[in-house]
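Reader: I would like to go through the labels on this model one at a time. Please give the cut-off behind each.

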Amino acid sequence: VQLQASGGGLVQAGGSLRLSCAASGRTYSSSAVGWFRQAPGKEREFVATINWNGGSTYYVDSVKGRFTISRDNAKNTVYLQMNSLKPEDTAVYYCAAGFSGSYYSGSYDYWGQGTQVTVSS
């Protein structure tokens, strides 16, 4: 499975962005997918995860109610809709795929290259 994250950019606080994680590989539709982020000088942190059919999602507390993870298996793509963005959301965002999703990065076998999200105050 190869993953390609896109959709990052510069946005003002309160704005929105939608990240996409497009994949190649026939096992993607049966994989859980997670989004992680890493801010400068900080460790990579879990953001959200979705199971293989989109029936189960989980978010870190800091993004609940603002971010929504979804997937379209027909398009081999997972999305992260980010609303009400805050400066503290600034980071490189990575998508990852694995057999079982969780908040733990070691659960994922495949990683995308990351996309930069910058939120100005």
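**Labels and their cut-offs**

Author: The charged end of Arg44 sits over the ring of Trp111, at 4.8 Å from its centre. This is a predicted model, where local features need pLDDT of at least 70, side-chain atom pairs count only at pLDDT 80 or more, and totals for chains, interfaces and linings use all residues. Residues are numbered from 1 along each chain as its sequence is written, and side-chain values use heavy atoms, with hydrogens and water left out.

Reader: What makes the charged end of Arg44 sit "over" the ring of Trp111?

Author: The rule asks for NZ of Lys or CZ of Arg within 6 Å of the ring centre and within 35 degrees of the ring normal. The distance for Arg44 and Trp111 is 4.8 Å. Arg44 also lies over the face of Tyr94, 4.1 Å from the ring centre.

Reader: Why is the pair of Phe36 and Phe46 called edge-to-face?

Author: Rings of Phe, Tyr and Trp (its six-membered ring) pair if their centres lie within 6.5 Å; planes under 30 degrees apart are stacked, over 60 edge-to-face, the rest tilted. By this rule there are 5 aromatic pairs. Phe36 and Phe46 have ring centres 5.7 Å apart and planes at 75°, so the pair is edge-to-face. Phe36 is in strand β4 (residues 32–38) and Phe46 in strand β5 (residues 45–50), 10 residues apart. Strands (E, at least two residues) are DSSP runs, numbered from the N terminus.

Reader: How do you know whether Phe36 is buried or exposed?

Author: Buried means under 20% relative accessible area, exposed over 50%, partly exposed in between (1.4 Å probe, protein chains only). Phe36 has 1%, so Phe36 is buried. Phe46 has 9%, so Phe46 is buried too.

Reader: Why does the pair of Phe36 and Tyr108 get the label edge-to-face?

Author: The centres are 5.4 Å apart and the planes stand at 80°, so Phe36 and Tyr108 are edge-to-face. Tyr108 has 5% relative accessibility, so Tyr108 is buried. Ring pairs link Phe36, Phe46, Tyr58, Tyr108 and Trp111 into a cluster.

Reader: What makes Pro40 count as exposed?

Author: Pro40 has a relative accessible area of 73%, so Pro40 is exposed. Pro40 is found in the loop between β4 and β5.

Reader: How do you know that Glu45 and Arg37 form a salt bridge?

Author: A salt bridge needs a side-chain nitrogen of Lys or Arg within 4 Å of a carboxyl oxygen of Asp or Glu. Glu45 and Arg37 meet at 2.5 Å, N to O. The count by this rule is 4 salt bridges. Glu45 has 32% relative accessible area, so Glu45 is partly exposed. Arg37 has 5%, so Arg37 is buried.

Reader: What makes Asp89 and Arg66 a salt bridge, and which parts does the pair tie together?

Author: Their side chains meet at 2.8 Å, N to O. Asp89 lies in the loop between β8 and β9, Arg66 in the loop between β6 (57–59) and β7, so the pair ties together parts 23 residues apart in sequence. At 1% relative accessibility Asp89 is buried, and Arg66 is buried at 10%. Salt bridges with shared partners join Arg37, Glu45, Arg66 and Asp89 into one network. Asp89 also bridges to Arg37, at 2.9 Å, N to O.

Terms used:
Helices (H or I, at least four residues) and strands (E, at least two) are DSSP runs, numbered from the N terminus.
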